[in-house]
Amino acid sequence: MAEALILSGKTVSQHVYTSLKPRIDLLKRSGKTPGLAFILVGDHPASKVYVNSKTKRFVKLGLFSETFKLPENIPENDVLSLISDLCDDDRFHGILVQMPLPKHMNETTIIRTINPKKDVDGFHPENIGLLVSGNPRFIPCTPKGIMRILEYYQIDPTGKHVVVIGRSNIVGRPISILMSLKQEFSNATTTICHSATSDIPYFTRQADILIAAMGVPEFVKADYIKKDAVIIDVGINRVEDDSEKGYSLVGDVDFDDVAEKASAITPVPGGVGLMTIAMLVENTVEAAERLVER
Ligand SMILES: NC(=O)c1ccc[n+]([C@@H]2O[C@H](COP(=O)([O-])OP(=O)(O)OC[C@H]3O[C@@H](n4cnc5c(N)ncnc54)[C@H](OP(=O)(O)O)[C@@H]3O)[C@@H](O)[C@H]2O)c1
């Protein structure tokens, strides 16, 4: 039986949606329904699932969204010109290009074409620069969602040792930056581990808060953690099984093993993934508010 407190993405995301409702209503009364353009290139199955769950949430909240589905072999220039058109389209306050992109496309070029004020994913270099300098405009959704879970459960990283496994631009690196900012509810000492780290358990066993964002199913076991550590599992991995779907989703943490020893843990599913969607909604609302304030 799990001893740990379950850090529920469902509970925290519902809290976020409730607090966003008056802001959305106010925007709508002023004639600005927050709108997001999704660009989905190719037939990547997981990407389709992600875009579907995000659009469903937009519909449920009465927000505007449109998905631009493009074929796998579309020339990069066509995607760039679509993004330019969407940057000038007032119906859209945010533009999201679902990653990964086909191999013939350059992700950096695509991201740089998005107007940074509509970059609700927070991946544009201007937004990353603002984040690093401690003055963020858009915080990438998954790291922002992790911070919101900690805040909701009053788990303050101040003075703690936060160890992150993974250094991707969308999760590992931005969460390590957020955690180390000199501000309330951050202010942690941070360590980042990656594929070239020689002895990962040496570092993870020192973590007061361990964030696993590597994409390796159930990599983190109980003997990788310190007793009573807080565990944030970002991983979403499809593992084949005999179920009707043919697979199940597991995190980067062996939940049953680790939950015996941790003080708190996010489940997969039902943890960080739900927060990523909630933060995308929040960033889109923020983008619309800023455009109205202009
Ligand atoms: N919950 C959510 O909403 C959400 C959002 C985004 C991603 N995810 C999930 O989170 C996981 C990570 O996603 P990502 O986009 O950050 O992945 P990514 O771009 O593939 O990056 C993975 C990172 O983990 C490191 N890594 C991989 N294998 C490792 C190993 N055996 N030991 C140590 N480090 C290792 C890599 O190191 P190198 O840099 O050295 O290659 C890299 O920095 C995936 O399961 C993904 O599906 C979930």
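Student: OK, so is D25 buried, exposed or partly exposed?

Tutor: D25 counts as partly exposed, because its relative accessibility is 29%. D25 is found in helix α1 (residues 9-29); helices here are DSSP runs of H or I, at least four residues, strands are runs of E, at least two, and both are numbered from the N terminus.

Student: How far apart are D25 and S195 in space?

Tutor: They are 46 Å apart, C-alpha to C-alpha, and 170 residues apart in sequence.

Student: What kind of model is this?

Tutor: A predicted one: local features need pLDDT of at least 70, side-chain atom pairs count only at pLDDT 80 or more, and totals for chains, interfaces and linings use all residues. Residues are numbered from 1 along each chain as its sequence is written, and side-chain values use heavy atoms, leaving out hydrogens and water.

Student: And what's the chain's average pLDDT?

Tutor: It averages 96, and 98% of the residues score at least 70; pLDDT is the predictor's confidence in each residue, from 0 to 100. Confidence is lowest in strand β10 (residues 247-250), at a mean of 93, and highest in strand β7 (residues 209-212), at 99.

Student: Switching to the ligand. How many residues surround it?

Tutor: 20 residues do, and the closest are R167, S168, S195, V234 and T276. Helix α10 (residues 272-293) gives the largest share of the shell, 3 residues.

Student: Which polar backbone atom is 3.2 Å from a ligand nitrogen?

Tutor: One belonging to V234. An oxygen atom of the ligand is also 3.2 Å from an N or O atom in the side chain of N237.

Student: Last topic, cysteines. How many disulfides does the structure hold?

Tutor: It holds 0, a disulfide being a pair of cysteine sulfur atoms within 2.5 Å. For C87, the nearest cysteine sulfur is that of C141, 17 Å away.

Student: Why does C87 count as buried?

Tutor: Because its relative accessibility is 16%. C193 is buried too, with a relative accessible area of 0%.

How values were computed: Near = heavy atom within 4 Å. Polar contact = N/O pair within 3.5 Å; in protein donor to acceptor, adjacent residues only side chain to side chain. Buried < 20%, exposed > 50% of the residue type's maximum accessible area, 1.4 Å probe, protein only.
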